[in-house]
Amino acid sequence: MAEQFDLVVVGGGPGGYVAAIRASQLKMKVALVEREHLGGICLNWGCIPTKALLRASEINHLLHSLDQYGFAADNVRYDFAKVVKRSRQVASQLSSGVKGLLKKHKVTVFDGSGKLAGPGKLSVTGKDGKPVADIAAKHIILATGARARVIPGIEPDGKLIWSYREALQPDIMPKKLVVIGSGAIGSEFASFYLNMGAEVTLIEVMDRILPVEDAEVSAFVQKSFTKQGMKVITGARVQGVRKTADGIVAVVEAGNKVQEIAADRLISAVGIVGNVENLGLEGTKVKVERTHIVTDEYGRTGEAGVYAIGDLTGAPWLAHKASHEGIITVEAIAGLHPHAMDVSNIPGCTYCRPQVASVGLTEARAKEAGHEVRVGRFPFIGNGKAIALGEPEGFVKTVFDAKTGALLGAHMVGPEVTEMIQGYTIARTLETTEAELMHTVFPHPTVSEAMHESVLDAYGRVIHI
């Protein structure tokens, strides 16, 4: 006989485990089904371990820049195996933490893969293919995430052609590396390996890197990458990859010219596809478009009692979006009438060097939407704290509606901007206008003062530049 729950969540990533915990807080009897790692891809193979690696590369860069701070050190070196080991330990620690949180909130965890088995029913199968349990619940949330998209002919082989998994626990520190795709994942890996000493070539099919960001930010990052020694090729297509005994040769077409680029390893970072297979969606009213499940603003699918959240449901593919969707969906199930998700208020962060962060509309998108805009900019070279830190490169850009003063978008590139973007995110959530932002007192000396100055600049009141 099937064990009865109020809610079953399939997938223990940042969307799934947060949804399970929130449901428990609302006094539901909750089960969570996870086939591999609690915490999902983000915690185990994405957000967290990549940040641990990037921190190591920042330290390596700093150690080789000591002279500007008045220090000197001889024979600076690193143990690459230890760098990788630390990143794995960080991921493991947090995965154990999620396990403890679920236990604290009395969430029943099933190890295995979940599959719909009729209205309100779910079957759980172990890795060995044997049945683990049959579960019944009035509400089932699918939170199975996504996986890396594979380019035909450039399939990761675990040795010479890497996906994010191999890039996170590499067998060697490559001397030469090719990265295909300049979104957040590709740019972060390119930045990490560059700052660890590799010769990196970054290839992007669009006409600029970080194509979802504001064009000025993209241009600045590309210039910075190039200055650091990275080779960046935009408007390019990889026609194919030849494998050699200990490396690869990428055949790249750009500007009506074809060139061959030899490297030790290649990272493919060209997007993701939703994990919609083997969920038992056949025969249901769940609609799938381009490998992602279609939902309404509260996570509901076309099948009564079945919901979907996170990367499984499409862009933006961000952990914090998945977590918030999980809470919205659970609260809607509980009848609490939560606010629907507004994806325009979800901040995006890229942790390369320099860091990138944004929320809302780019200047181009704002104009396309029919807004008359006022734009403010403030460079970090005019910020005392940034200069004191030795990181004066970058800027803050704000886009306002000229008629209403509404903050349409904010875009930042430079030191620790991923920590600062939340200020603008809160402003947008509260529907703050330029008046409130200008009257807000920012502490001195902080890098965040540049946020204030950018607002002032949009209205001809900038002070320090």
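Visitor: Which element gives the most to the lining of the second largest pocket?

Guide: Rolling a probe the size of a water molecule over the atoms shows where empty space is left. A pocket is an open set of points on a 1 Å grid over the protein atoms alone, with protein on both sides within 12 Å along at least five of seven lines, and lining residues have an atom within 4 Å of a point. Here, α3 gives the most to the lining of the second largest pocket, with five residues. Helices such as this are DSSP runs of H or I with at least four residues, numbered from the N terminus. This is a predicted model, where local features need pLDDT of at least 70 and side-chain atom pairs count only at pLDDT 80 or more, while totals for chains, interfaces and linings use all residues. Residues are numbered from 1 along each chain as its sequence is written, and side-chain values use heavy atoms, with hydrogens and water left out.

Visitor: What volume does the second largest pocket have, and which residues lie nearest its centre?

Guide: A volume is the space filled by probe spheres set on the grid points, which are joined across faces, edges and corners. For this pocket that comes to about 710 Å³. Its lining has 24 residues, with H61, R353, G390, E391 and P415 nearest the centre. Two elements give two or more residues to that lining: α3 (47-63) and α7 (215-228).

Visitor: Which residues line the largest cavity?

Guide: In a cavity, a 1.4 Å probe fits but cannot get out. The search of the whole structure finds one cavity of 30 Å³ or more, with a volume of about 30 Å³. T50, L53, L54, E188, F189 and F192 line this cavity, and the elements giving two or more of its lining residues are α3 and α6.

Visitor: Is F192 buried or exposed?

Guide: Buried means under 20% relative accessible area, exposed over 50%, and partly exposed in between (1.4 Å probe, protein chains only). F192 is buried at 2%, as are F80 at 12% and Y193 at 0%.

Visitor: Which residues does UniProt list for "binding site"?

Guide: UniProt positions are given in the numbering used here, with shortened feature names, and annotations may be inferred rather than shown by experiment. The unreviewed entry lists K51, G114 and D311. They span 261 residues in sequence and the farthest two C-alpha atoms are 30.3 Å apart, so they do not all gather at one spot. K51 lies in helix α3 and is partly exposed, at 24% relative accessible area.
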